[in-house]
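Me: I'd like to learn how to read a model of two chains, one feature at a time. Could you walk me through this one?

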Amino acid sequence: MISRVVRRRVASHVMTGLTVVAAILALLPLFAIFADLILRGASSLNWDFFVKNPAAAGDTGGGVANAIVGTLIIVGVGSAIGLPVGIGAGVYLAEYGGGRFGTVVRFLADVLTGTPSVIVGIFVWMFVVRPMGHFSALAGAVALAILMIPMVSRTTEEMVRLVPHSLREAALALGFPRWRASAYVVVRAAWPGIVTGALVAVARIAGETAPLLFTALGNMNFRTNVMQPMQTLSLQIYVFATGPFEEWHRLAWGAALVLMGIVLIFGLGARFVTRTRFRDG
Amino acid sequence: MAEPTVRLRTERLSALYGSQAAVKGVTLAFPVHTVTAVIGPSGCGKSTFLRCLNRLHELSSGGLVRGSVFLDDRDIYATDANPVAIRRRVGMVFQQPNPFPTMSIYKNVAAGLSVNGRLTRTETDAAVERALRSAALWDEVKDRLQASPLGLSGGQQQRLCIARTIAPAPDVLLLDEPTSALDPIATQSIEELVQELKREFTVVIVTHNMQQAARVSDFTAFFYLGELVEHDVTTKVFTAPAEARTEAYVTGRFG
């Protein structure tokens, strides 16, 4: 008969081992994706890839400059719409959202977070693309903004709630009006966390494809006018990867690597922001 | 001895959380340039009472106030009274040091000044230095005014909070157990500071430390179960209390 101590020790080791295995399994896809993208995509990355537009179907060469610029424009415009609304809503929910209205808004934001992004795309097609009469980068940006608002509002609300109540009271006791206590003390204290949440949301929408299919549509040409259809890396990958040409597949791998790189930069930026401590002069 | 001027007084003041009364019909006066200690066992309503004096209690969930508080004979609970303006005249220091972590030491002290309207750079500098000197912190921080307050010790942080509170020159200073999170040496420096501060302000200090009440205060109010049991000159409360419950508490028989 094994003693209880031994049995407990074995059980403890087994359980620890299982969680380690689970942690490795969780990380494995990430490393596999990265390794795969670098192996297949890195060889496509050259100067032309970043500065040229796609070559005519069947031709070799060309790049995805249109998609890189399009991604930056659509994600930029989407963030310009979505971040202020999301952060504002989050601050409202944390600071004033105690009542029934706050509960309703919070519930609806959760529902919106769970809404498949393709449905958001259809919604924007109905209410932006159809009235305008054509596809546009602006419609794509609106779709991305709608997707990021609930994400940003939720993280903002959580970050603002983490600020100790004593700071708010200190500000109020000093004779700060309530809005000023919120803006200058509470939100400022929560700001690194809010920015992290915002960057994570930007990274999330940068990779969205489905809501752009019937809003931004895609474009093989270089465009900077947001009222016209525009290409993004995600749309480019979709078109190239499903296309018949070997050259397109090669570009798709390269584009995937670049997109992953952009997402990674935002992720690292988020880490960096949370690490920056007080430096007020 | 002439009757000193009363800066702040309460009249049948009750404070509730929902339907639960935490303070029950307290009538109490605070003369200028005196320190009044509010003592009593945990949960006796002394902190809640203090938070009624700057209209902070009403911001707690379910917080309700009945009765009146007169600041220079104006009821701060009158319908036309502005709580924000009142809080600028009745400053408060809390139990845990709570400097604003995103602001420098300098900006912490200046925080309440800017709220009162624009000051020039020179005026702000002078006010910050004066407040830090009054809080006996100037010599320790004068070379690091732009640094984070989080690098200060607990006692220094609490004195910074005192400086921040007195910088806008309030009339009344409310101290809510200001030393309960501090070590004995930091506690001593705050107690000495309280003696200095009463020359400029009317001070009300809540404390669960009876020796502290005896050391720093001119008057002592003993609270029990939300009621004011006894209020008198401090030496009398501690040496010859009128009430049996006061005597039991100050001699350490309960609490």
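Reply: Gladly! Let's begin where the chains meet: 16 residues of chain A are in contact with 24 residues of chain B. Please keep in mind that this is a predicted model.

Me: Which helices of chain A each supply at least two residues of the side that touches chain B?

Reply: Those are α7 and α8 of chain A. The biggest share comes from α7(A), which gives 6 residues to that side. Sorted by class, the side of chain A that touches chain B has 10 nonpolar, 3 polar and 3 charged residues.

Me: What scores does the model carry?

Reply: The ipTM is 0.90 and the pTM is 0.84. For chain B, the mean pLDDT is 92, with 97% of its residues at 70 or more.

Me: Let me look at chain A on its own. How many helices and strands are in it?

Reply: Chain A has 11 helices and 0 strands. Its C-alpha atoms fill a box of roughly 70 × 65 × 40 Å along the principal axes. Of its 281 residues, 41% count as buried. As for contacts with a separation of 6 or more in chain A, 75% of them are between residues 24 or more positions apart.

Me: Back to α7 of chain A. How many of its residues are buried?

Reply: A handy way to judge burial is to count neighbours: a residue with 20 or more other C-beta atoms within 10 Å of its own is called buried. In helix α7 (residues 165-173) of chain A, 7 of the 9 residues are buried, so this helix is largely enclosed by the rest of the structure. The buried ones are A:L167, A:R168, A:E169, A:A170, A:A171, A:L172 and A:A173.

Me: What covers those buried residues?

Reply: The cover includes α8 (178-206) of chain A, and from chain B it includes α2 (83-89) and β6 (90-93). After α7(A) comes A:G175, which has a positive phi near 90°.

Me: Now for the sheets. How do strands of a sheet pair?

Reply: Strands pair through backbone hydrogen bonds, either parallel or antiparallel. Chain B has an open sheet of 4 strands in the order β2-β1-β4-β5, with antiparallel pairing. Its edges are β2 (20-31) and β5 (74-75) of chain B; each has a single partner strand, so one side of each is left without a neighbour in the sheet.

Me: Which residues other than glycine have a positive phi?

Reply: Let's take two cases. B:R12, in strand β1 of chain B, has a positive phi near 45° without being a glycine. With 11 other C-beta atoms within 10 Å, B:R12 is exposed. B:H33, also not a glycine, has a positive phi of about 55°. This residue lies in the loop between β2 and β3 (35-39) of chain B. B:H33 counts as partly exposed, with 15 C-beta neighbours inside 10 Å.

Me: And the sheet with mixed pairing: what is the order of its strands?

Reply: This open sheet of 6 strands in chain B has the order β6-β7-β8-β3-β9-β10. Its edge strands are β6 and β10 (227-233) of chain B, each pairing on one side only. On average, neighbouring strands of this sheet are turned by 15° against each other, direction ignored. For a parallel example, follow β3(B) and β8 (residues 202-206) of chain B, which 4 bridges join. Here B:T36 has B:V204 as its bridge partner in β8(B).

Me: Which helix lies across β6 and β7 of chain B?

Reply: That is helix α6 (residues 154-166) of chain B, which lies across β6 and β7 (172-176) and runs at about 170° to β6(B). And β6(B) takes us back to where we began, being part of what covers the buried residues of α7(A).

Note on methods
Residues numbered from 1 in each chain as written. Chains lettered and ligands numbered in written order. Predicted model: local features only at pLDDT ≥ 70, side-chain atom pairs only at ≥ 80, totals over all residues. Pairing = 2+ DSSP bridges. Buried ≥ 20, exposed ≤ 12 C-beta atoms within 10 Å, placed from the backbone. Contact = placed C-beta atoms within 7 Å. Axes fitted to C-alpha atoms, helices over the stretch in contact; angles between N-to-C directions. pLDDT = per-residue confidence, 0-100. Nonpolar A, V, L, I, M, F, W, Y, C, P; charged D, E, K, R; others polar.
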